[in-house]
Amino acid sequence: MGHLPLGWSALKHLIVLGATGSIGRQTIEVARRIGLPIHTIAARSASDVLLELAMSLPDARVCVVDPADRQDEFRAVLGERLHLGKGSITEAAATPDSTVVNGIVGAEGLAPTLAALYADNRLALANKESLVAGGPLVLQALHERDGELVPIDSEHSAIWQCLQGERHGDVSRVILTASGGPFLGWNVDELEAVTPAQALDHPTWSMGPRISVDSATLMNKAFEVIEAHYLFGFTYDRIDVVIHPQSLVHSFVEFADGVVKAEVGRPDMRKPIQYAITTPSRLGTEFQPFDPVEAEWTFAYPDREAFPSLELGYAAGRSGGTATAVLNAADEVAVESFLGGRIGFTDIPRVVERVLDRHEARRPLGLEDLMAVDAEARAHAREVCASLER
Ligand code: MG
């Protein structure tokens with residue numbers, strides 16, 4: 001077990017949003033490993049996994065958005081510890097003196113992101129939709145308050161670590177690595193026939209269904225380009241993507257003098273999660289050592305024709321404002337339709353492109369305005385999906 005800097009654990013409550021997901025469960029594992037108590041766990045539904053987590057953390061507050069028919073059962077077991085409704089999540093995110101790990105999937109993560117930042121908390125962000133959908137609002141929150149935003153996404157954690165001690169103006173380019181997903185090297189014809197089961201089988205990272213499909217289309221990388229833009233303030237022509245199937249180099253930063261830094265190691269989300277929680281300290285924990293002799297790595301340019309989602313991300317990013325919220329909403333609907341067997345794999349970017357084409361990007365006025373844009377884009381995406389149904 002590692003040692004926390006003196007007084008550190010007493011100052012920060014750890015709030016885990018999306019506790020039953022891949023990031024949430026690994027966050028709880030990291031917290032246990034470094035001996036950090038967990039103040040709150042939050043999840044969308046009243047699942048067995050959540051109940052089990054709640055019982056293993058007898059002091060934690062438990063927030064559930066929608067308990068459905070299990071409210072009485074959960075109340076009987078958890079009593080006063082149980083908090084219900086969407087508001088309970090934003091309230092948890094606003095707990096004073098907290099580190100909030102946002103591992104929620106989808107645009108629903110934006111409201112708690114803003115709540116955490118407006119409460120001057122440290123937000124350890126895995127919910128990339130917060131920045132893809134609500135980048136301008138997140139920047140505004142950071143500008144107005146004293147909240148702190150640190151990335152959990154492995155590529156962004158790498159860039160963040162490479163940037164430490166450097167000056168922003170000295171960076172010439174960041175290069176995000178992408179595993180390429182399960183269909184690396186496939187052509188358009190082969191991609192037409194991809195099934196949901198194939199798309200859910202990711203070679204290096206184990207993740208939830210939406211992000212697995214987004215990794216297979218490269219939309220996830222498109223989101224990460226936008227995420228990098230908002231996190232670090234680089235223009236889109238300074239953000240590149242390179243395919244690196246082994247996921248050993250988590251990203252590069254190139255400087256004005258030609259020096260290139262990279263963060264390297266075995267792919268393991270517990271590392272960026274732990275660093276986001278403990279920064280600026282690095283706590284000694286058990287890990288599998290990295291062996292450069294054993295490591296084999298290759299790099300290639302992405303196939304932008306077979307995977308048009310990447311370009312759609314750059315285009316939406318350059319349009320800015322509400323455009324990337326529309327990108328996210330349309331993609332979420334298209335992925336759902338694909339997983340439901342209603343549209344094909346290559347229809348996903350088609351749906352997104354059509355919805356984006358009809359949208360006129362503008363500055364979002366606030367969370368409510370953005371949610372209206374999101375709802376409109378979803379409705380449009382459903383129409384497009386229905387027209388493509390086979
Ligand atoms: Mg990533």
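Reply: We will go through the interface step by step. Keep in mind that this is a predicted model.

Me: Which domains does the domain assignment give for the protein chain?

Reply: Start with the bounds. Domain 1 covers 8-152. Domain 2 is written in two segments, 157-268 and 303-388. The C-alpha centres of domain 1 and domain 2 are 24 Å apart.

Me: How many residues of domain 1 are in contact with domain 2?

Reply: Count each side separately. Domain 1 brings 23 residues, and they meet 26 residues of domain 2.

Me: How much area do domain 1 and domain 2 bury between them?

Reply: Read the total, then the atom types. The two domains bury about 2,000 Å² between them, with 70% of it on carbon and sulfur atoms. On the side of domain 1, K128, V132 and P151 lose the most area to domain 2. Together they make up 33% of what that side buries.

Me: How many salt bridges does the rule find across the interface of domain 1 and domain 2?

Reply: Look for paired charges. The rule finds two salt bridges there. K128 also forms a salt bridge with E224, and their closest N and O atoms are 2.9 Å apart. As for polar contacts, four residue pairs cross the interface.

Me: Which elements supply the side of domain 1 that touches domain 2?

Reply: Helix 2 (22-34), helix 6 (110-118), helix 7 (129-144) and strand 7 (148-151) each supply at least two residues. Helix 7 gives the most, with ten residues. By residue class, this side of domain 1 has 15 nonpolar, six polar and two charged residues.

Note on methods:
Residues are numbered from 1 along each chain as its sequence is written. This is a predicted model: local features need pLDDT of at least 70, side-chain atom pairs count only at pLDDT 80 or more; totals for chains, interfaces and linings use all residues. Side-chain values use heavy atoms; hydrogens and water are left out. Domain bounds come from an automatic or database domain assignment. Contact means heavy atoms within 4.5 Å. Buried area is the accessible area (1.4 Å probe) that two parts lose on being put together, summed over both. A salt bridge is a side-chain nitrogen of Lys or Arg within 4 Å of a carboxyl oxygen of Asp or Glu. A polar contact is a pair of N or O atoms within 3.5 Å; within protein, one must be able to donate a hydrogen and the other to accept it, and residues adjacent in sequence count only if both atoms are side-chain atoms. Helices (H or I, at least four residues) and strands (E, at least two) are DSSP runs, numbered from the N terminus. Ala, Val, Leu, Ile, Met, Phe, Trp, Tyr, Cys and Pro count as nonpolar, Asp, Glu, Lys and Arg as charged, and the others, Gly among them, as polar.
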